[in-house]
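I opened my notebook to follow some strand pairings and charged pairs. Come along and look things up with me.

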Amino acid sequence: MRSAAPLFFGLLCALLLGANAQAADPAKGGDKGGLDSMLPKPELTGFVQMWITAWDQDVDPLADPAGYGDPEDDPGFKIRRARMGIQGEGAKVRYDIDFGYSAPFDAVSAPDRGPIIEVVDASGGFRPVKGLWIDGGVMKVPVGREFLMATANMVFADRSLVSQWMVPGRDVGLQVDGTLGDKDKALGRMRVGVFNGNGSLAGNDAPGLLYAARLEGKVGPGDTYKTFGKVDGFTLGVAGDFYYNDDLAINTLGLGGDLMLRVAGLALMVEANRATLSPDDTTLNLPAVLAETPRTGVVSQIGYSVWRVEPAVRVAWFDDNANIDDNGDVLEVMGGATLHGPKDTARAGLGYIKRAELGGRSFDNDSVRLWMQFTL
């Protein structure tokens with residue numbers, strides 16, 4: 001995938017320039033409906049997130065313990081994410097193509113981070129009737145409000161360990177997305193999808209598939225997938241979701257529920273997830289767990305927007321095995337604030353991360369982080 005990145009970038013730029021030229025030329029069907037009725041005019045998207053570790057308690061270069069939610073960053077700089085792509089949505093067709101780089105979330109997930117440069121999203125869809133889209137490609141599996149929120153819209157420029165370890169992530173598949181009401185004022189939305197279940201663009205390597213569904217309702221005028229800014233009235237979004245992944249050596253059943261409450265400058269998000277991992281009979285692969293293993297994750301975040309400043313506190317709890325008490329029982333508390341630039345194209349923030357092992361052995365692994373973000 002890394003060697004294909006320059007070719008992918010070239011094709012993406014060619015598509016963007018060619019579509020813009022056609023849209024601007026009425027002789028080629030530009031503004032008279034030719035392009036809009038077939039392929040919506042593409043918009044260039046992209047952002048860069050830079051992290052600065054100002055202080056970290058992990059000081060031993062040889063014996064820093066790996067833990068959930070701890071990237072083990074020493075004082076210094078890193079690029080957490082860099083993305084570029086195109087997207088467009090018309091009356092009948094929509095698409096989203098993004099590629100980029102992501103640093104590992106934590107030291108536990110680092111060995112499985114995959115390619116350095118990779119396709120992040122590559123999906124297209126059509127609308128057969130009003131309020132109903134059918135999308136195919138690599139996209140987010142519809143599970144978890146925090147995961148479905150764009151990281152570019154998050155006050156701490158990253159998701160919690162609950163979203164990292166409790167939801168399926170991105171995958172290749174097909175999804176039906178239906179809404180009740182207008183797009184920006186939808187009273188209800190339901191997404192149902194079937195995916196490979198392995199996170200690979202190269203196809204499925206198991207006889208089973210991943211099935212997911214998410215049902216949500218909303219009241220009020222605000223956006224329930226953002227936290228910054230003031231809303232014009234009381235806004236509440238509530239959702240529940242389900243997924244089942246029939247993998248080669250292990251089956252996973254997940255259930256979750258979440259809400260987003262916004263009043264004036266206040267934004268409150270609460271999400272809870274429960275997943276059960278069960279080993280499957282196979283001679284082709286070793287299951288990740290040898291007995292039925294329940295996992296639980298809960299995250300809550302509260303913040304308030306004052307002018308261009310957004311202070312917030314987030315608490316996340318994750319238990320990777322409810323049957324035992326060990327270092328898989330983790331509590332993470334993060335507090336800080338983000339300064340938003342004009343039109344929110346630039347952000348800068350500062351936060352303190354408190355990590356606590358609720359079982360097993362405790363470690364000194366708190367840190368202070370600064371971040372900057374620039375968005376097209």
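Entry 1: I started with strand E9 (residues 235–246) and strand E10 (residues 250–263), which run antiparallel and are joined by 12 bridges. I kept in mind that this is a predicted model. To get my bearings, I picked out Tyr 244, which stands opposite Leu 253 in E10.

Next I asked myself: how many bridges join E10 to strand E11? I found 14, with E11 covering residues 266–279 and running antiparallel to E10. As a landmark here I noted Gly 257, whose bridge partner in E11 is Ala 272. E10 and E11 also form a hairpin, this one with 2 residues between the strands. I wrote down Ala 264 in that hairpin, as Ala 264 takes a positive phi near 55°.

A reminder to myself for viewing strands: in a regular strand, side chains alternate between the two faces of the sheet.

**Entry 2: salt bridges.** I turned to charged side chains and noted that the structure holds 17 salt bridges. My reminder for this page: side chains of opposite charge can pair when their charged atoms come close.

I looked up Lys 78 and found a salt bridge with Asp 73, where the closest N and O atoms are 2.9 Å apart. Are these two buried or exposed? Lys 78 is buried, because its relative accessible area of 19% is under the 20% cut-off. Asp 73 is buried as well, at 16%.

My next pair was Arg 170 and Asp 121, whose side chains meet in a salt bridge at 3.0 Å, N to O. Arg 170 lies in strand E6 (residues 170–180) and Asp 121 in strand E4 (residues 117–129), so this contact ties together parts that are 49 residues apart in sequence.

Then I came to Glu 146 and Arg 314, a salt bridge with its closest N and O atoms 3.7 Å apart. This pair links distant parts of the chain, with Glu 146 in helix H2 (residues 145–148) and Arg 314 in strand E13 (residues 309–319), 168 residues apart. I found both Glu 146 and Arg 314 buried.

**Entry 3: a network.** Which residues are linked in a network of salt bridges? I listed Arg 145, Arg 191, Arg 214, Glu 216, Asp 241 and Asp 258.

Conventions
Residues are numbered from 1 along each chain as its sequence is written. This is a predicted model: local features need pLDDT of at least 70, side-chain atom pairs count only at pLDDT 80 or more; totals for chains, interfaces and linings use all residues. Side-chain values use heavy atoms; hydrogens and water are left out. Two strands pair if DSSP finds at least two bridges between them. Helices (H or I, at least four residues) and strands (E, at least two) are DSSP runs, numbered from the N terminus. A salt bridge is a side-chain nitrogen of Lys or Arg within 4 Å of a carboxyl oxygen of Asp or Glu. Buried means under 20% relative accessible area, exposed over 50%, partly exposed in between (1.4 Å probe, protein chains only).
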